[in-house]
Amino acid sequence: MMMSHWIIAPVVLPALVAALMVITMRGDLVLQRVAGVASTLMLTGIALALLWAATTAPPEAYFLGDWPAPFGIVLVLDRLSALMVALLALLALAVVLYAIGSGWDTKGAHFHPLLQFLLMGIGGAFLTGDAFNLFVFFEVLLIASYGLMVHAGGGTRTRAGIQYVAFNLVGSSLFLIALSLVYAVTGTLNMADLAVKLPTLPEGDAALVRVAAVMLILVFAIKGALVPLQFWLPGTYANAPGVVAAMFAVMTKVGAYATIRFGTLVFPPSLSATGDLLSSLILPAGLVTLVVGAIGVLGASTLPRLVAFGAIASMGTAFIAIGAFTPATTAAALYYIVHSTLATAALFLVADLVTRRRAHPRLEGTAPPIAQSGLIASLYLAAAVAMAGMPPLSGFIGKLLILDAFRDQTALVWSTILGSSFLMILGYARAGSRVFWKASALEAQPNDTRAEPLAFAATIGLLVALAGLTVLAGPITDWLTDTAAALYAPDGYITANQLGQKG
Amino acid sequence: MEALVASAIGLLTAVGIYMMLRLRTFPVILGLTFLSYAVNLFIFVSGRLTVNAAPIIGRTEPYADPLPQALVLTAIVISFGMTAVLMIMAIGGNLEAGHDRVNMSDTDDDTPEVQS
């Protein structure tokens with residue numbers, strides 16, 4: 001057991017650092033910044049080590065309090081959870097640096113502790129092997145996200161935050177009902193134990209299992225902003241501080257991750273009670289989500305709102321690939337999820353660079369040119385190219401992989417993905433020309449000349465990561481293909497839980 | 001007893017959903033509270049209804065399932081905390097906007113303050 005206790009480090013480290021920040025570093029921003037960066041750097045190191053361990057060794061479980069599964073809570077490290085934790089850590093590093101560079105963390109109390117609590121919640125949600133524990137980590141990440149969402153305050157932001165909280169409380173209630181149904185039918189909430197017990201259930205319980213499966217997918221669809229449950233996202237992301245919106249790019253992926261995990265481990269296509277129920281719901285919803293997102297990109301009234309709709313479109317694309325539930329499509333989905341997390345975050349950061357410098361955030365009408373317009377415009381171009389899925393960046397490869405995995409469904413899937421990409425290219429080009437070109441037609445001088453080298457470095461760092469994802473696409477897709485194959489043969493994951501063998 | 005508990009859960013859910021669809025934050029919060037009560041009851045009965053049974057093996061036969069009781073404690077604490085957060089945010093929104101409507105009009109959407 002090579003990694004043993006390190007598996008819980010992505011949960012414990014941010015939790016400890018956040019608590020220390022609140023208790024001992026209250027009001028000392030410099031110390032909080034140092035602790036935040038140090039913690040995130042350590043998290044990145046741990047996440048990369050876990051990624052290496054998950055690649056070289058079979059899945060490994062961590063038994064909390066050494067209680068045997070399925071009675072105690074387990075965390076399970078496999079290739080998928082290690083990948084998502086590594087993605088989270090990389091994104092968090094960029095977000096922390098951007099928050100420091102842009103001064104967002106000076107505009108309200110407790111930015112850094114809240115961010116660490118958010119990392120704890122998301123990391124735990126990726127690692128846990130227990131369905132009820134997944135709910136608890138969802139709540140941890142949500143309550144931290146409520147605080148971050150209304151960071152820096154303001155009437156509009158607070159009221160958008162109320163909608164966000166109310167909507168997620170309903171989602172949590174649905175989650176609890178679904179989990180109670182699962183427990184009432186199977187008598188267990190350990191995900192590996194569920195995978196073993198569900199196929200052996202009597203025929204009469206199949207209807208309850210189906211209801212529970214659909215309700216769980218509804219909850220994950222709320223998190224993943226899948227149509228018709230996407231309407232909370234534009235208002236939330238557009239009104240949240242730009243740097244927080246960038247961090248939220250990985251929160252929609254929690255929904256995608258949970259869908260993949262439950263769709264392959266707990267309710268696999270081979271389970272007779274659910275069969276292809278999940279894919280028959282998710283695939284059409286993903287297609288509609290993509291179209292809604294693309295139209296939103298074309299019609300958005302502000303730059304943050306445009307990126308929010310871009311995020312919806314990217315979730316649509318990811319859910320199309322997830323919804324097919326075959327190893328090839330899941331591998332493509334994983335590549336696209338990694339890409340779209342980084343690309344969405346980069347574009348949110350660029351949008352934040354623009355809106356903080358510009359006289360008003362609306363796309364209609366002109367505003368005086370902004371400081372460092374040339375550099376920001378080229379960053380916008382790169383991020384928009386990635387989001388729209390044009391060559392040379394990884395969005396193109398991601399969409400190509402998805403198209404390739406859907407060779408047998410060209411009519412519907414290919415036309416939707418290609419048509420929506422066209423709409424999004426138009427939308428990004430329209431927004432870019434309005435923000436950068438119309439402004440340079442005015443002769444006015446920018447009134448705000450902040451340098452913010454660290455903020456630019458963070459944004460460029462995300463774009464460099466996208467370039468790396470493009471250059472290394474070959475080895476990465478090979479790795480993801482193995483990951484997807486392991487997801488559809490979950491014996492290793494189940495064995496790691498040592499069900500009924502541990503004394 | 002099953003019919004009584006089931007109809008109680010149904011009634012709480014119906015009241016919760018009705019109040020959640022109101023346009024002011026206070027009824028919405030009350031509605032969410034009712035919904036969480038319904039959910040808590042539902043979790044509790046997912047371990048089956050038993051009368052005069054201890055959740056300890058060996059004391060009574062049949063014994064009550066202790067796990068849903070632990071789960072419902074977790075759920076109660078979480079929903080309590082979340083309601084408190086929502087309450088504080090509702091008060092903050094009410095103070096800043098001067099009213100407690102939940103819906104946002106097109107004019108006040110999308111104008112995050114630009115601070116220098």
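Guide: Helices (H or I, at least four residues) and strands (E, at least two) are runs assigned by DSSP and numbered from the N terminus. This is a predicted model, in which local features need pLDDT of at least 70 and side-chain atom pairs count only at pLDDT 80 or more, while totals for chains, interfaces and linings use all residues. Residues are numbered from 1 along each chain as its sequence is written, chains are lettered from A in the order in which they are written, and side-chain values use heavy atoms, with hydrogens and water left out.

Visitor: Where does Pro228(A) lie?

Guide: Most residues other than glycine have a negative phi, and most peptide bonds are trans. Pro228(A) is in the loop between helix 8 and helix 9 of chain A, and a cis peptide bond with omega of about 5 degrees joins Val227(A) to Pro228(A). Another cis peptide bond, with omega of about 10 degrees, joins Pro391(A) and Pro392(A). Pro392(A) is found in the loop between helix 15 (373–388) and helix 16 (394–405) of chain A.

Visitor: What phi does His110(A) have?

Guide: His110(A), although not a glycine, has a positive phi of about 65 degrees. His110(A) is placed in the loop between helix 3 (79–102) and helix 4 (111–127) of chain A.

Visitor: How do helix 6 of chain A and helix 2 of chain B cross?

Guide: Two packed helices are described by the angle between their axes and the distance between the axes. Axes are lines fitted to C-alpha atoms, for helices over the stretch in contact, and angles run from 0 to 180 degrees between N-to-C directions. Here the axes of helix 6 of chain A and helix 2 of chain B come within 9 Å and cross at roughly 15 degrees. The two helices are therefore roughly parallel to each other; angles under 35 degrees count as roughly parallel.

Visitor: Which residues of helix 6 of chain A meet helix 2 of chain B?

Guide: Contact means heavy atoms within 4.5 Å. Among the residues of helix 6 of chain A that meet helix 2 of chain B are Ile162(A), Leu169(A) and Leu176(A); the partners in helix 2 of chain B include Val28(B), Leu35(B) and Phe42(B). The residues of this contact divide into 13 nonpolar, three polar and no charged. Ala, Val, Leu, Ile, Met, Phe, Trp, Tyr, Cys and Pro count as nonpolar, Asp, Glu, Lys and Arg as charged, and the others, Gly among them, as polar.

Note on methods
Angles under 35 degrees count as roughly parallel, over 145 as roughly antiparallel, 65 to 115 as roughly perpendicular and the rest as oblique.
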